[in-house]
Amino acid sequence: MEIKVPELSLVVLIGVSGSGKSTFAKKHFKRTEILSSDECRALVSDDENNQFATNDAFDVLYYIASKRLKNGLLTVIDATNVQKESRKGLIELSKSYHCLPVAIVIDLPEKVCEERNRNRPDRNFGGYVIRQQHQQLKKSIRGLKEEGFRQIYILKSLEEVDSVLEIKREKLYNDKKDETGPFDIIGDVHGCFDELQELLFALGYGINRVDETETNFGFNVTAPENRKAIFLGDLVDRGPDSPKVLRMVMSMVNSEVAYCVPGNHDLKLQKYLNGKQVQLKHGLEVTVKQLEVETTQFKSIVEKFLYSLISHYVFDNGKLVVAHAGLKEDMQGRGSGAVRSFCMYGETTGEIDEFGLPVRYNWAKEYRGKAKVIYGHTPVPDAEWLNRTIDIDTGCVFGGKLTALRYPEEEIVSVKAKKVYCEPVRPINVNENQNKLSSQQEYDDLLNIEDVTGKRIVQTRLRNNITIREENSIAALEVMSRFAINPKWLIYLPPTMSPCATSDIPEYLEHPAQALNYYKKAGIKTVVCEEKHMGSRAVLIVCKNEDAAINRFGIQNEGIGICYTRTGRNFFNDPEIEKEFIDRVNQCLTKTNFWEKFNTEWVCLDTELMPWSAKAQALLRDQYAAVGAAAGGALPVVIKALELAIDRGIQDALPSLQKFATKNKTVSKYIRAYQNYCWSVNSIDDYKLAPFHILATEGHVHVDKTHEWHMENISEICKGDTGLFMATSYKIVNLNDQVSFDEAVNWWMELTGRGGEGMVVKPYDFISTGTEGLLQPAVKCRGSEYLRIIYGPEYDLPENIARLKNRGLSRKQSLAIREFALGIEGLERFVKKEPLRRIHESVFGVLALESEDVDPRL
């Protein structure tokens with residue numbers, strides 16, 4: 001006997017004690033798939049025969065079964081299940097999780113079961129129990145189909161049980177996960193044949209008229225570049241030529257050029273053609289009249305075709321779901337009457353609107369699924385994304401458009417209706433205000449605190465799962481809620497940067513040889529060395545105009561951009577200065593044809609904004625200048641007093657004089673070091689902006705480019721305004737060429753010798769990996785005098801520098817890689833136009849990691 005079960009199903013084993021259910025289950029199913037009532041009794045009472053523990057045991061069994069079914073896992077129930085009442089709860093459980101219940105009945109002779117139980121020392125009940133169970137089985141077995149079991153297998157002998165060599169797992173009809181596209185998904189056609197033909201031409205399909213057959217109804221349609229069309233249902237009603245639309249679609253489906261899911265109008269037509277009583281209204285009367293001239297054979301074929309349509313499909317490894325009216329996450333890839341109903345009608349609130357139509361529940365607002373859901377059913381003026389869902393029924397039959405979504409490109413292709421074929425009962429509101437926020441932008445006005453609090457695991461493309469601890473999430477929320485900019489601007493936060501390993505040269509704490517060798521040892525052949533500016537990290541978002549700020553960011557009346565710090569705070573405290581600054585950057589981008597070159601209306605730049613004192617004034621005053629002022633006031637007095645003591649013949653004061661003289665020199669170096677990065681700021685002309693990454697533009701996150709590409713393109717931008725912009729000096733270094741290696745070291749010596757902070761070493765490719773995974777996106781190597789600011793005036797004394805060389809970098813390096821992966825993930829989600837909560841999952845993650853306990857001097 002061959003037994004087949006759906007891949008996702010609830011398999012209920014039915015049989016009296018001793019019939020061999022457990023043995024059968026262990027032979028044909030994985031251990032984790034089997035839920036045994038006996039084992040559950042043992043779990044709750046340490047005795048699998050303890051009948052007093054039955055209720056608790058089944059509580060456990062149902063709980064585990066519900067979790068497995070929720071996660072889409074086949075589940076087998078190993079219990080007697082001979083009574084209808086014992087199976088009722090299992091049927092309800094399968095309905096709750098929209099999976100198919102399967103019954104496998106092992107109905108062996110009563111004597112066989114009695115003999116088996118006598119030979120089992122753990123079974124101490126009498127033969128009457130077997131007889132009673134057997135009678136209950138015989139009484140209820142005939143009603144299994146009426147109970148709701150979709151598939152029923154009955155094994156009546158040991159030979160039949162042994163003849164089951166394998167239980168085959170069958171994919172559900174809606175499972176097309178192995179088909180990855182590309183697809184052209186077409187919204188509700190409603191009999192608009194001319195528009196359908198025009199749309200297919202626009203999508204690149206070839207259409208030829210041929211002789212009509214039972215599988216090819218007068219059309220031979222060829223698809224471009226191995227693409228396939230997917231029709232979202234409602235092929236018929238209201239429009240001018242539903243029969244011809246049916247011919248076209250059936251031809252395409254039969255020749256495997258297209259898939260089609262049913263719409264509610266298609267279902268109603270199928271019922272009519274099958275002789276069911278349906279009301280001829282809502283456009284069905286138009287289709288019925290059009291079909292009057294068709295043959296009985298054609299109408300029969302149409303009825304069978306519509307009846308065969310699957311409620312929804314899941315494509316591309318679960319990333320794409322198509323259904324006429326959409327589908328909630330917990331119904332995707334499952335089969336039940338409730339799933340089919342939702343696919344065709346959606347969900348209503350039970351209310352009626354002013355037009356006499358049912359008010360539909362907007363399930364898309366609550367959608368949190370990973371798959372993109374493409375649907376129609378409810379006509380809208382324009383197709384727009386909301387929480388990874390998009391309605392592409394743009395009301396062609398009502399005078400709107402017939403729309404297709406290209407997947408995976410996510411490109412919208414539409415053709416205008418030739419005329420208004422049917423006046424809609426509920427008007428389709430045309431968006432007359434071009435600056436109106438999209439549905440997604442309106443939805444993103446309210447963020448859910450639960451999306452960023454507690455322990456979180458964020459999936460990223462570059463580093464899989466990154467864990468955010470609860471205490472760090474709380475710290476991030478505190479910063480975001482009190483100090484951050486408008487969250488709609490906040491699409492990226494930059495990562496921290498690790499310094500290189502400490503130098504083995506005695507007088508240097510950091511030396512470029514270690515930075516270069518980090519990448520060389522990882523197998524990187526070429527790196528880019530960039531001059532490190534002593535400013536403040538600033539993320540810059542600039543839009544071409546205010547319309548772009550509204551359309552892409554959903555931000556009104558806040559200008560054309562923002563400049564914010566690496567913790568998401570406004571860089572400028574003065575709104576007028578900020579506006580002038582953003583406008584000037586915008587003018588530079590316009591002057592250098594940036595918008596045209598990158599085909600974008602916005603850009604996100606990673607930059608350094610100088611002087612350091614412009615943002616770090618309080619830090620300078622309270623920390624660095626305070627140390628310098630105190631030492632500068634006290635040390636000369638101490639030195640003078642010691643000199644007087646020596647003049648009076650107190651030679652024991654000489655070591656102290658030498659000590660404090662050294663201190664005075666190091667403090668002088670310390671003061672000169674931080675003063676080197678400070679100057680007065682009275683206007684925009686006093687700022688210097690040094691971009692180093694063109695992070696993202698419309699449709700692109702530019703991490704697929706090399707760092708040399710970024711430097712070259714930024715250099716072209718800087719030429720547009722040399723007063724504000726500063727092009728960063730850089731060198732391309734071949735790590736396998738000693739001359740090139742030495743030139744990089746010498747360049748660092750020159751930079752730091754004239755007071756520069758140092759340099760940043762980056763792999764040539766923006767994203768690079770080694771044997772242990774993702775490499776550091778950049779490593780900084782700071783000059784000796786700059787390190788004096790960080791570690792204190794006397795850090796380079798032999799005893800101090802020796803101690804500092806024992807610093808550990810592993811936590812800093814781990815932090816840098818995790819923040820880098822999160823930052824890129826947030827940008828990529830924004831470019832893909834994902835909901836703001838998805839973008840902020842990464843942004844909050846970066847900010848949360850910043851509260852980890854890592855030495856701030858690194």
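1. Contact here means heavy atoms within 4.5 Å. Helices (H or I, at least four residues) and strands (E, at least two) are DSSP runs, numbered from the N terminus. With those terms in hand, take the pair H11 and H13. Asp266, Leu269, Gln270 and Leu273 in H11 meet Lys299, Val302, Glu303, Leu306 and Tyr307 in H13. By class, this contact holds five nonpolar residues, one polar and three charged. Ala, Val, Leu, Ile, Met, Phe, Trp, Tyr, Cys and Pro count as nonpolar, Asp, Glu, Lys and Arg as charged, and the others, Gly among them, as polar.

2. A word on the source. This is a predicted model: local features need pLDDT of at least 70, side-chain atom pairs count only at pLDDT 80 or more, and totals for chains, interfaces and linings use all residues. Residues are numbered from 1 along each chain as its sequence is written, and side-chain values use heavy atoms, with hydrogens and water left out.

3. Now the geometry of that first pair. Two packed helices are described by the angle between their axes and the distance between the axes. H11 covers residues 264–273 and H13 covers residues 296–308; their axes come within 9 Å and cross at roughly 135°. H11 is therefore oblique to H13. Axes are lines fitted to C-alpha atoms, for helices over the stretch in contact, and angles run from 0 to 180 degrees between N-to-C directions. Angles under 35 degrees count as roughly parallel, over 145 as roughly antiparallel, 65 to 115 as roughly perpendicular and the rest as oblique. The crossing of H11 and H13 is left-handed. A crossing is left-handed if the near helix is turned anticlockwise from the far one by less than a right angle, and right-handed if clockwise.

4. Pro512, Ala513, Leu516 and Asn517 in H17 meet Phe741, Ala744, Val745 and Trp748 in H25. The contact of H17 with H25 has seven nonpolar residues, one polar and no charged ones.

5. Which residues of H17 are buried? They are Pro512, Ala513, Gln514, Ala515, Leu516 and Tyr519. Buried means under 20% relative accessible area, exposed over 50%, partly exposed in between (1.4 Å probe, protein chains only). After H17 comes Gly523, with a positive phi near 90°.

6. How many disulfides does the structure hold? The count is zero. A disulfide is a pair of cysteine sulfur atoms within 2.5 Å. For Cys260, the closest cysteine sulfur is in Cys343, 13 Å away, so a bond is out of reach. Cys260 is buried, at 2% relative accessible area. For Cys529, the closest cysteine sulfur is in Cys781, at 9.3 Å, again too far for a bond. Cys529 is buried too, with 0% relative accessibility.

7. Check the backbone next. Most residues other than glycine have a negative phi, and most peptide bonds are trans. A cis peptide bond joins Gly181 and Pro182, with omega about 5°. Pro182 sits in the loop between strands S8 (175–176) and S9 (183–186). The bond from Tyr407 to Pro408 is also cis, with omega near 15°. Pro408 lies in the loop between strands S21 (401–407) and S22 (411–416).

8. Positive phi values deserve a look as well. His98, a residue other than glycine, has a positive phi near 55°. Its place is the loop between helix H4 (84–96) and strand S5 (100–106). Glu225, likewise not a glycine, has a positive phi near 50°. Glu225 lies in the loop between strands S11 (217–222) and S12 (228–231). Is each of the two buried or exposed? His98 is buried, at 9% relative accessibility, whereas Glu225 is exposed, at 67%.

9. Last, Ile428. This residue lies in the loop between S22 and helix H15 (439–443). Ile428 is partly exposed, at 22% relative accessibility. Leaving aside neighbours within four places in sequence, Ile428 is in contact with Pro379, Val380, Pro381, Gly395 and Phe398. Ala103 is 325 residues away along the chain, and the C-alpha atoms of Ile428 and Ala103 are separated by 49 Å.
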